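Keep the sequence and the 3D view open while you follow it.

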Amino acid sequence: MRRVLASLLTLAAGVLIGAVATPSPALAAPNFKAPFPCGQRWTYGHHSAEVRLALDFVRADGTTAGTPQLASAAGVARRYSQPSGAGNYIVIDHGGGWTTYYFHLSDYSVPDGAYVQQGQQIGTTGSTGNSSGAHIHYEQLYNGVGQTIVINGMSLAPYPGQYHQKYLVSDNCGPSPSGGKYLAGSPTDFTGDGRDDIVTFTHGTLNDVYVATSTGTTFTGTSVKWNDFFGLNGETLLTGDFNGDNKDDIITFTHGTLADVYVALSTGTTFTSSQKWHDWFAPHHEVAAVGDVNGDGRDDIITFTHDTNADVYVALSTGTSFTGTAVKWHDYFSITGEHPALGDVNGDGKDDIITFTQGPTTAADVIIALSTGTTFSTPQKWHDLFAVGTEQPRVGDINGDGKDDIVTFTCNTNADVYAATSTGTTFTGTTIKWNDHFCLTGEFPYLADANGDNKDDIIVFTKNTTNDVYVGLSTGTTFQPGQKWHDYFGLNGETTL
């Protein structure tokens, strides 16, 4: 089954003192990560002259100067300079009213206006402007109003008045999969045997692609390279059967001003050299996705403008290219801050578009627009409480009835997994827990039919220091406890599917 998818400023100086008040909470925040590299331990504090609800961070080991500063979530980066205050600084616009500020950089690492991924270096920690020493001055704002700093869904309040009272270890381990948080599923049966496999894209300077194939009880292969140059930093990487041969291929969207789309077809044992299948699709920060929207057995490409226009464009697969550049299939679906996805929710063989609004419990709706084969129909609400806040929603057929369902992972200390199954006209179930310990903070969850029984299972890539892969098989009504299917796959900073 197909799965898919201010003004600033016055600066901070002075003596650290006391905690601060918390403003009203904002809605649909990104899942912010620490603004410094993976695995590093920093201490933080807030002082009396600090603007808004900012925090200052310094390294616990004292080697702050020269450390990379990282984007705590994906967005558009803008460069500024205020010699008498913030010094060299960057503002990242994450959409939905959310921005983050990074002051006192010694230098910039990205051009002005660049779209950056979560975990991408944006500058180097320094002491420019009104600063008494190298540190990260970091803020989170909603509609221009400072918010209490939240990392991985956990508030850092109450703020300490001096360093070395509280510490934070970063799990900001590289660009988020698929160019940001918006990833809900794509098929990964690269051999065509009916069982989904796993793939990792290394990015960096090597840009290798490794695959471990499923035996039905484990994933085999650690260093089996299927392509040695595919998927550069900042590109969106997905999978799908684009030529209709029942073997899933790999695809990359370059975004930016080129907005090219490259495909490398699967032979069953390797991916061929990449070929350009489209030369203008999903430019800049649009959200790219994959699905068979016309039901011809070949996966097509979809892009959500994900802004105030909220347009949805489609280019159909011919088996050797994607046709259509400005073919609009919907003119208002999935605005900024929502989580778009694709799936065949009514079981007619055509993938539909889905958006998770991801607000609080009063505004965590799931909206569907069904595919007619040539357009997406009027949106309808299929669920009114699912995938709250920073939970990670996924789409797949978990009970094997031919209709895609929805799954959400809390990915926190509770590590719960909830599901709502499709009736063909709605999703049923709100607090139906299918697994009570799967996907901890910093891990990456996915869905795949790992054992080939036509029911999608849950998969988690642990990343960090272990790099394990666990699978919880679906029984059709629950997910079994996680079992380790691979003990070294998908390193920090790699994209895993």
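Q: Which residues is F322 in contact with, leaving aside its neighbours within four places in sequence?

A: Contact means heavy atoms within 4.5 Å. With neighbours within four places in sequence left aside, F322 is in contact with F242, I251, V261, V263, W277, H278, D299, D300, I301, A315, L316 and S317. Before going on, note that this is a predicted model, in which local features need pLDDT of at least 70 and side-chain atom pairs count only at pLDDT 80 or more, while totals for chains, interfaces and linings use all residues. Residues are numbered from 1 along each chain as its sequence is written, and side-chain values use heavy atoms, with hydrogens and water left out.

Q: Which residues touch the most other members of the largest nonpolar core?

A: A nonpolar core is a set of buried Ala, Val, Leu, Ile, Met, Phe, Trp, Tyr and Cys residues joined through side-chain atoms within 4.5 Å. Buried means under 20% relative accessible area, exposed over 50%, and partly exposed in between (1.4 Å probe, protein chains only). The largest core has 43 residues, and F219, I251, F253 and F322 touch the most other members. Strand β15 (residues 209-214) gives the most to this core, with 4 residues. A second, separate core has 27 residues, among them L55, I92, Y138 and I151.

Q: Where is A212, and is A212 buried or exposed?

A: Strands (E, at least two residues) and helices (H or I, at least four) are DSSP runs, numbered from the N terminus. A212 lies in strand β15. Its relative accessibility is 0%, so A212 counts as buried. Apart from neighbours within four places in sequence, A212 is in contact with D197, I198, F219, T220, G221, H486 and F489.

Q: In which sense do β36 and β37 pair?

A: Two strands pair if DSSP finds at least two bridges between them. Strands β36 and β37 (residues 457-461) pair in the antiparallel sense, over 5 bridges. Within this pairing, A448 stands opposite D457 in β37.

Q: How many disulfides does the structure hold?

A: A disulfide is a covalent bond between the sulfur atoms of two cysteines. Here it is counted as a pair of cysteine sulfur atoms within 2.5 Å. The structure holds 1 disulfide. C411 and C439 form it, with their sulfur atoms 2.1 Å apart. The torsion about their S-S bond is about 95°, so the disulfide is right-handed. C411 is in the loop between β32 (405-409) and β33 (417-422), and C439 is in the loop between β35 (433-435) and β36, 28 residues apart, so the pair links distant parts of the chain. Both cysteines, C411 and C439, are buried.

Q: What does the side chain of T408 make a polar contact with?

A: A polar contact is a pair of N or O atoms within 3.5 Å; within protein, one must be able to donate a hydrogen and the other to accept it, and residues adjacent in sequence count only if both atoms are side-chain atoms. T408, in strand β32, makes such a contact with the side chain of E391 through its own side chain (3.0 Å). T408 counts as buried because its relative accessibility is 2%.
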